[in-house]
Structure formats: structure tokens, C-alpha cells
Amino acid sequence: MVNVLEECQVSPPPGLVGEKSLPLTLFDIRWLHFHHIQSLFFYKFPHPKTHFMEITIPSLKHSLSLVLKHFYPFAGNLLFPPNLGEPEIHYEDGDSILMIFAESNTDFNYLIENHQRKISHFHPLIPQLPPMFVKHNTILAPVFAIQVTLFPNSGISFGFTMDHVVADGNSFIQFMKLWATTHKLQRDPSMLEGALSILPFYDRAMVKDPNNMASMYWQHHQKTKFKGYQPLLPTSNILATFLLHEADIQRLKNRVIVKCPTLFHVSSFTVTCAFTWACMVKARAWIGEEVSENELEHFIFMADCRAHLDQPLPENYFGNCVVPFLVTAKSMRLIDEDGFIVAANLIGGTIQEKIGRKKEIWEGLERWYQNISSINIERIVGVAGSPRFAVYDIDFGLGKLQKREFISIDETRSISLHEGQDNKRDIEVGLSLPNIKMDAFATIFTSGLMVHE
């Protein structure tokens, strides 16, 4: 299905970065044993293999090298000191990113549609992280890998595997936008000056940890031996995208405003997550899964808190700076006719209560491991991505982005969210579910929108 054309290592230009160490903050270290983020970006590419080999590959490698001068942590490693001290992100001259170039005979147009597709068709387009290694009695683990796959005369995909400990979605998208712009404009350096005006900000001293939670998290993670990267195995699940048009979202908002007059935070994010979560729970009952009266369902979403700390961080701060919010409801309340309203009230109410109240953010972090360890992970739905990232604006000079897919949602039981390709006020919702449950979800999702018309 995929034929590897070249494997190489790409480093920043030699001598321009030097040795660097980034300590892990309380926002980073939480992800230490978490799954890796795997995603794909698809572009049309009406060129033959010779063009890809002779022009595109050298251009992508050169532009990536230039960008890694600024985003050097991606070329570095997660370092575990021999004295059992807290890990850090470490870069030294010569460190690099694994970059794979491959060719696929899969139907490109099949992969970029919204319809149901086997998620196993996407796994060969995703790179595997190199294994961890030992150097001077120190464990080192690569954190980032890239695979660029050609679909001759039709398309190209960029596949990424990233250890969440190195960066959140905000930082990753900053990297993507700079790489894309550099690739597009690298033949005209004067045009690049504007793109280089906002570079990653690395000052960890600005991240205050008043309760020493990073050390508390490290003590928790030390109980589990670090085993390095564990590849995800394809499942038999189905991947599909459901589009909520701007008009759909507005009707859902209007419904919530009427039913929940005291809820002030009725955003597109709130109603999209609430409607999708309720439909997912209803789909369980639809296909005959046993749902007990007191069974609990959980929804977890992340909020960027760069602007909400006592000492706010700039938007271009590199690393992780998100806090988790958890809402819980009895399954039967979400399955009932007003399940969407119940979900919207919970999600919107949590955002309304916590965002802007710094104390609430810290308290949530302190209790996080206690809260998450006591719930059934089979009943958790998470969120990957965000419509505010504007991924469809990422322009490598290859034309408009055709599709972004999160492949790691297959393992994490999450939904993915992106802005609409043609209208930024639309929202694309991605899911990976067993075939029978996906069919049920599609029916409930579509009919649910008709009810709210």
C-alpha cells in the first residue's frame, strides 16, 4: 500500500542553535505517559513521481531545516537524567527529525471525503517515532517524526507523530504555519520577514507553579516505567467527518438559549461538543448496548490558559499550556430527548464558571489525577483540535488544504474539531467508531439536526 522512497534525518542548519534544555512545566509533564498525537494533512498534487523526487523533496527538506532553527525542540529528545531527576526536552547540535518520503497507490479522493472510511487505510501514512536510546547513561526519546506520502498525479499527505509532552496543538500549528510559509516563500527571502516576525517564545520562568505541581506530577509518573514510543495498531473502526453548518450551529445555540436562560456561555464549541456527545451516547443505546440507570458518562476538553494565568503568557509561547475540564452526566440523562440540552448546560456552565477565575483553574489541576483515576475510561469522550486553529489556512504553495484528519482519536475515544473548509463558521466533527455504532450515530446526528430546524 505504501512504498518508502527515502528516509532521512533533518536538522536545523549546523551551529545556529547550540545546546538547549527546556524543563518540563506542570502543563508538560502531565502528558508524560499519554498517547502520541497523530494527524494527517492532505493537499492536491497533480504532478508525477519525478517532480516529487527532484523538486518537492529537496524543497521540503530545506524549508524544514530552516524552520527547525526556531522550533528546535521538535528535533531534540525527551531526556531522563541518570540521577532520576525530572525529565526535560534537550537539544544539541546534530539532533534531527526522522523524515520519511513514501508513495501510495490508494485513491486520494477516497481518503479526503467526509464519508465513512476504514481507519486502517490511514495508518500507513503515519510515521513511527524512532525508539528511545541510551547515551552517557541517559535515556533519550525522540518526540517528533514526519512522513510525506505521494499519491502520483493526484495528491500528497503530510503525516505527523508527536509526543504531547513537547507541545500542545497551539504550538504545533504555529510550527506548521511557519514551515508552510517558509516552503512557499523560500525562494524570496524578503517575503519571509513578515512570517518570521512572530517566533516561538521559550521562557519557562514565566510559567509560575505556586503549588509545585510539576514535582507532584513527576512523583506520580515515576511509579510507571517509561517504555518509549509504543506504535498504535490499526483497529477495524470507521473514520467519518460530520459537518455542522453555520446555520445548524445557530439553531442549536437558539435552542440552548431558550432552554437555559441563565447560561451565558453558549458558544459554537459548546453546542457542537454537546450535540456530538449526546448523539454518541444515544448511539450506544440505539445498537443495544446495556446502559444502566446510574451509569456515568464523562466529557473532557482542554482550554488554552496562556491568557488566563496570573502572569499571562504570549500567544506564541511554545510548549503545553492547556488545562483539562471534566463534565459528568448520567447516561440516561443524555439518552433522553433533552440530552443535548443537558450536555450543553454542563459544558457551557463549566466554561462559564472556570475561565477567567484563576483559582478554579489551579484547583482543577491539583485534583486532576484523583478525579481521572476514579472514572471508567470506556465512558470518556475527549476533544482533539480546535476550530480556532484555522488549519485550512496552512499554505505550502500546493493549493488549499483539502482535509485534516486526527488518526490518534481511534485510540483516545475523542472527537476532532476543525473549522469548515469553505466557511470558517462551519465546524467539522471527526469520529472513529465501530461500523454499527457509526451507522447509528450518523442517523441520530442527521435526524437530530432536523428536529432542531
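Predicted model: local features only at pLDDT ≥ 70, side-chain atom pairs only at ≥ 80, totals over all residues.
Residues are numbered from 1 along each chain as its sequence is written. Local features need pLDDT of at least 70 and side-chain atom pairs count only at pLDDT 80 or more, while totals for chains, interfaces and linings use all residues; side-chain values use heavy atoms, with hydrogens and water left out.

Helix α8 (residues 268–286) packs against helix α10 (residues 339–354) at an angle of about 135 degrees, and their axes are 8 Å apart. Helices here are DSSP runs of H or I with at least four residues, and strands are runs of E with at least two. Axes are lines fitted to C-alpha atoms, for helices over the stretch in contact, with angles from 0 to 180 degrees between N-to-C directions. Contact (heavy atoms within 4.5 Å) involves, among others, Phe269, Phe275 and Trp277 of α8 and Phe340, Ile347 and Ile351 of α10.

Helix α10 has 16 residues and spans 23 Å from its first C-alpha to its last, close to the 22 Å expected at 1.5 Å a residue (1.5 Å times one less than the number of residues). Its buried residues (under 20% relative accessible area, 1.4 Å probe, protein chains only) include Phe340, Ile347, Ile351 and Lys354.

Most residues other than glycine have a negative phi. His136, however, has a positive phi of about 55 degrees, and phi of Asn137 is near 65 degrees. His136 counts as exposed (over 50%) at 68% relative accessibility, and Asn137 counts as exposed at 66%.
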